[in-house]
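Me: I have a structure open and want to learn how to read it feature by feature. Take me through it, please.

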Amino acid sequence: MRHSTEQQNTMASLILQIFFLAVILATSQGSPLSYYPLRIHLLRSKWGSGDHHIPGMSCLSWRLAVETNNVIGWSTVPEECEDYVGHYMLGSQYREDSSVITDEAFAHAKTFKLAGDGKDIWVFDVDETTLSNLPYYAKHGFGAEPYNSTAFNQWVFTGKALALPESLKLYRNLLSIGIKVVFLTGRTEDQRAVTSNNLKNAGYHIWEKLILKSSSYSGKTAVFYKSSERAKLEKKGYRIIGNIGDQWSDLLGTSVGNRTFKLPDPMYYIS
């Protein structure tokens, strides 16, 4: 049975209304979605009547290529994938993907017999790893808009970034078995106070070190900066049991630790 364009539009509108009603109900019952703002971004359907896929919408494949580091050096999310990325980041799949990774990370951590000298550490990135900037990116196309350092830094200085719940759980679990935490972030030294306060307000109350990017790394890649800082930790006798971040540049290079864990992030790419 074929439907008119008006009927198709009505059906699509009804589907969206049902979707948002389900989100609101889930949130009111303490769903994980309550960590993030609701209805920030209207999502367009990727399917037409009769379940025929709309041509050119291969965003799931694009995201897979990004996460596996096969698509590199990109500056913005493809325009046609803006809504797909928004749907993914605000939906349950992002949380479920993150949970699988952090659960595996803790399983890895528990296999170690710690030395007991306080030198066993876990390295965490900050943005989109321990803290989530989704409220900011939801207002800027989920990465489809060109990066604006001024606007992003203004957001950072509000100190309102949210905890990524799965990373917070991993953080607490690691502390419970005696592994100390080091935060290694691309944020700059002038953001130390706001970053420290934001971490504490989000639930990360103690750490061994909070390392921010000094001016000496100006013009250097994130891989170089983070490799250098991890090497300094090792020279001080620290043993990196694990290393987790949302960017491949958090995990590549040298002194990466015993094992690395990549959290999903299809919103931006840092070299």
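Me: Is T254 buried, partly exposed or exposed?

Reply: Start with the cut-offs: buried means under 20% relative accessible area, exposed over 50%, and partly exposed in between, using a 1.4 Å probe and protein chains only. T254 has a relative accessible area of 48%, so T254 is partly exposed. T254 lies in the loop between β6 and β7. Helices (H or I, at least four residues) and strands (E, at least two) are DSSP runs, numbered from the N terminus.

Me: What should I know about the model itself?

Reply: This is a predicted model, where local features need pLDDT of at least 70, side-chain atom pairs count only at pLDDT 80 or more, and totals for chains, interfaces and linings use all residues. Residues are numbered from 1 along each chain as its sequence is written, and side-chain values use heavy atoms, with hydrogens and water left out.

Me: Which residues does T254 touch, not counting those up to four places away in sequence?

Reply: Contact means heavy atoms within 4.5 Å. With residues up to four places away in sequence not counted, T254 touches S227 and R230. R230 is 24 residues from T254 in sequence, and their C-alpha atoms are 7.8 Å apart. Now the whole protein: of the contacts with a separation of 6 or more, 72% are between residues 24 or more positions apart.

Me: How many helices and strands does the protein have?

Reply: Nine helices and seven strands. The protein has 271 residues, and 44% of them count as buried.

Me: In what order do the strands of the open sheet stand?

Reply: Pairing comes first: two strands pair if DSSP finds at least two bridges between them. Here five strands form an open sheet in the order β5-β4-β1-β6-β7, with parallel pairing. β5 (209-213) and β7 stand at the edges with a single partner strand each, so one side of each has no neighbour in the sheet. From one strand to the next, the twist averages 20°.

Me: Which bridges hold the individual pairs?

Reply: Take β1 (residues 120-124) and β6: they run parallel and are joined by five bridges. There, W122 stands opposite G242. β6 and β7 also pair in the parallel sense, over three bridges. In that pair, N243 stands opposite T260. T188 has K213 in β5 as its bridge partner.

Me: Why is β6 described as largely enclosed?

Reply: Count its buried residues. Six of the seven residues of β6 (residues 239-245) are buried, so the rest of the structure largely encloses this strand.

Me: Which strands does α7 lie across?

Reply: Angles run from 0 to 180 degrees between N-to-C directions; axes are lines fitted to C-alpha atoms, for helices over the stretch in contact. Helix α7 (residues 165-176) lies across β1, β4 and β6, and runs at about 170° to β1. Helix α8 (residues 192-202) packs on the sheet too, touching β4 and β5, and its direction makes about 140° with that of β5.

Me: Which residues have the most contacts inside the largest nonpolar core?

Reply: In soluble globular proteins, nonpolar side chains tend to be buried together. A nonpolar core is a set of buried Ala, Val, Leu, Ile, Met, Phe, Trp, Tyr and Cys residues joined through side-chain atoms within 4.5 Å. The largest one here has 51 residues, and W122, F124, F183 and Y204 have the most contacts inside it. A second, separate core has 10 residues, including L184, I211, Y217 and I240.

Me: How do α2 and α3 cross?

Reply: Angles under 35 degrees count as roughly parallel, over 145 as roughly antiparallel, 65 to 115 as roughly perpendicular, and the rest as oblique. The axes of α2 and α3 come within 10 Å and cross at roughly 65°. That makes the two helices roughly perpendicular. C59, L60, W62 and R63 of α2 make the contact with Y84, V85 and Y88 of α3.

Me: And how do α3 and α4 cross?

Reply: Their axes come within 4 Å and cross at roughly 60°. α3 and α4 are therefore oblique to each other.
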